[in-house]
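The following exercises are to be worked with the sequence and the structure at hand. Each task is followed by a solution in steps.

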Amino acid sequence: MSGQIVRPYGDTTGDGMVQVSFTLPVAHDKRAEGAAVQLANKMGIDPAMVVHAKPMGDGFTFFVVYGRVNHLVDLDAVQVVERDFALLSAKEVNTVVKQRLRRKLSVVGACIGTDAHTVGIDAILNVKGIAGEKGLEYYRELKVTNLGAQVSVPELVEAARAEKADAVLVSQVVTQRDAHLRNTREMSAAFREAMPAGRRPLLIVGGPRFDETMTDELGVDRIFGRGTTPGEVASYLVHALITQRKAMA
Amino acid sequence: MTGKLDLDPVLVARARELARRAGQPVVDLARSHTTVSVERAVLRLAGVTGADPDGIPWVNRLVDAVVADVGLGHGVAVPVFDALAREGITDVTLLAQKAAAGSVRFALPTGRAATAARSAARRAVGAGVRRIDRRRAERDRLVTRHGDPRQRPWIYLIVATGDIYEDIPQAQAAARAGADVIAVIRSTGQSLLDYVPEGATREGFAGTYATQENFRLMRAALDESSKELGRYVRLTNYASGLCMPEMATLAGLERLDMMLNDSMYGILFRDINPVRTFVDQRFSRQVHARAGIIINTGEDNYLTTADAVDEAHTVTVSQLLNEFFAHEAGLADWQLGLGHAFEINPEVPESFRLELAHALLARELFPDAPLKWMPPTKHMTGDVFRGNLLDGFFNLAGTLTGQGILLVGMMTEAVVTPWLSDRDIALQNVRYVLGAAGGLHEDFVPAPGGFIRRRANQVLGEALDLLERIGEQTLLTAIAEGTFGIMKRPADRGKGLDGVAAHEADYCNPATDILEAAA
């Protein structure tokens, strides 16, 4: 299919209607509303309707703007990382690991650096899981070691060695000053230094603010973004460590 | 008991008795151990201030030097004041500097020298405790002058820029917009620092370092706001992590008004050693009791990792334990901001009625405590419109069930650290609900035999069952086995264990002596 062009949809195909909200550091008056229209115009919204303007604190105004955006979206030019592996049930994951790996698949997870937010790694690893899906601890054929929060990179490398990790899962929630990117690079470099290529575990990072296309830049095998479920991670582990590897061998 | 849920007073009394039974061995453990942070807090009360050129506080250098010479189990007060007498100086900070340079040796004095060191230590620490007393009296005066917030719940807002000089105008703006309590979120990672950073700080991750100077700057700014607004604006920080006793002490010295201080949070969520936590916690609560600080406990956190319906009773159990530990440390009911949260999956049928049942249960079990009501976080998805609706229901549940402190929920939870506009929209949400339904708790009496009463009584029953089980095995075992928030935390593991020591026969801590004599 080629030439798939779409525009935002308000209530009629092709009307291009969008809604945005923002704050300008300007006290609320006629000029402020004009400034909001100017910004909306520069964003490609024309005509722009300021439907709500409200003073906030000293010298700030909050706006809600509706309008027609003149940009077009070319669906053919969209670049995303599509899931390139089959989604398996917990039972299927267990079966593949048992029959083809013939030992438990070892997974080590942690939040590294100063990040103390374990929600992500816990959602993926804890039995409790997320959104009704059980975490990796629930998978009989996976051996899960969850190191928790604020684990240093050397501690993580050491734990991966001790647990003979097939895969290392790192969660990063805090993104201030790009801490998530810095920490991930430090982690992947440490594994490259500590272990030869064939012996390195699969390196996986996850967090709500990662760009899933940055694997090469960050030196990891896979990045999982927001909304990832334990089942997807487990399916990927089986794909990358067993199915794909055997196919290539 | 105000009687909206028809709770059986015999069961409630039984629950408190079981909490006491589960908590008493932990109190005994806390009374027979000390930690490096407890000893550093004693030195802070005795007047040691400042840090070395690398930013390591002199209290750390001094405790390390004493421990190297005589160990931790005797307490540092006597060796320090004995050395002070031998060196012929009066300035404890100067002694710390000399000790760090290696020019002072510490010993355990006997006879007359020991008696002299004990009384000198008691005098110095007593002066520190009196400074805390003066700050408490000052708060009482300011509250009388400016007044308390006009409504309940008090509106609690967070600032978290990482830079104290950015936090200050944001906090003042939030107070002007209606916040009664300002919490300055700490930098991620501070809980695991085994020292308290020094000075005004402008670099933090997802929060601002808690330091004595930052405390002072923010309290002074909010004193200005209180004057301007005609109501006393309270300030909150965190007595949690490895430096709990010192944080409590600094909060008392700088007239902070509330402190986050949970009995098990550090163990479960920061993997801090359980013994370290319980010893530190008891001392920090004794200081909070003296300083007139309201503690906020962290039960809301359990529900972010465990299921808010299945595990509702663990919140009740933790509240009962927190209450027992708090009373034991001398805190009064008005100082117990026991935590709980609106974290039930909104897709669960009758989720709002379940929330009301849980919130009302806490209200009825702890009628004189200013409960801390925490907003939804786990089921905030990035759909900010739905999030704003959920926050509205959270606010409604808060006012319907008479919560004391309401942490304002942000529709951008899980998306960004709150923007100026997020905070404004969130406060608008709170104002609408409190304005439209602020007195509705008077009319809200769940029907006898109805869903809410049945659910509340069921949760109380499950809490009793869990307390019975804990009683059979001890609290430390329960924590080790993952009873709370799923995390398993054995007593011989976790961070900070090397900073714990059992009391020797001659252990001396003048701060504990003074604080316990008053209680």
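**Exercise 1.** Determine what share of the contacts in chain B between residues at least 6 apart in sequence join residues at least 24 apart, and describe the fold of this chain in the predicted model.

*Solution.* Step 1: among the contacts of chain B between residues at least 6 apart in sequence, 78% join residues at least 24 apart. Step 2: the secondary structure of chain B consists of 19 helices and 11 strands. Step 3: for 519 residues the globule rule gives 24 Å, and the radius of gyration of chain B is 23 Å, so chain B is as compact as a globular protein of that length. Step 4: along the principal axes, the C-alpha atoms of chain B occupy a box of roughly 70 × 55 × 40 Å. Step 5: 58% of the 519 residues of chain B count as buried.

**Exercise 2.** Carry out a corresponding description for chain A, and state into which domains chain A is divided.

*Solution.* Step 1: chain A contains seven helices and 10 strands. Step 2: its radius of gyration is 23 Å, whereas a compact globule of 249 residues would have a value near 18 Å. Step 3: the division of chain A gives domain 1, residues 5–76, and domain 2, residues 90–248. The centres of these two domains of chain A, taken over C-alpha atoms, are separated by 41 Å. Step 4: the box filled by the C-alpha atoms of chain A along the principal axes is roughly 70 × 45 × 35 Å. Step 5: of the 249 residues of chain A, 36% count as buried. Step 6: in chain A, 65% of the contacts between residues at least 6 apart in sequence join residues at least 24 apart.

**Exercise 3.** State which elements of chain B give two or more residues to the side that touches chain A.

*Solution.* Step 1: 20 residues from chain B and 18 residues from chain A take part in the contact. Step 2: on the side of chain B, the elements that give two or more residues are helix H12 (302–305) and helix H16 (420–437). Step 3: H16(B) supplies the largest share of this side, three residues.

**Exercise 4.** Classify the packing of helices H4 and H5 of chain B by the angle between them.

*Solution.* Step 1: helix H4 (residues 77–87) and helix H5 (residues 92–100) of chain B pack at an angle of about 90 degrees, and their axes lie 10 Å apart. Step 2: angles of 65 to 115 degrees count as roughly perpendicular, and H4(B) and H5(B) are therefore roughly perpendicular to each other. Step 3: from H4(B), Val80(B), Ala83(B), Leu84(B) and Glu87(B) meet Val92(B), Leu95(B) and Lys98(B) of H5(B). Step 4: the residues of this contact comprise five nonpolar, no polar and two charged.

**Exercise 5.** Is Gly47(B) buried, exposed or partly exposed, and where is its place in chain B?

*Solution.* Step 1: Gly47(B) lies in the loop between H2 and helix H3 (58–70) of chain B. Step 2: helix H2 (residues 36–45) of chain B is mostly covered, with 10 of its 10 residues buried. Step 3: just after H2(B), Gly47(B) adopts a positive phi of about 110 degrees. Step 4: Gly47(B) has 15 C-beta neighbours inside 10 Å and therefore counts as partly exposed. Step 5: leaving aside neighbours within four places in sequence, Gly47(B) is in contact with Val92(B), Ala124(B) and Gly128(B).

Note on methods: Residues numbered from 1 in each chain as written. Chains lettered and ligands numbered in written order. Predicted model: local features only at pLDDT ≥ 70, side-chain atom pairs only at ≥ 80, totals over all residues. Domains from an automatic or database assignment. Axes fitted to C-alpha atoms, helices over the stretch in contact; angles between N-to-C directions. Helix = DSSP H or I, 4+ residues; strand = E, 2+ residues; numbered from the N terminus. Parallel < 35°, antiparallel > 145°, perpendicular 65-115°, else oblique. Contact = placed C-beta atoms within 7 Å. Nonpolar A, V, L, I, M, F, W, Y, C, P; charged D, E, K, R; others polar. Rg over C-alpha atoms; globule rule 2.2 N^0.38 Å. Buried ≥ 20, exposed ≤ 12 C-beta atoms within 10 Å, placed from the backbone.
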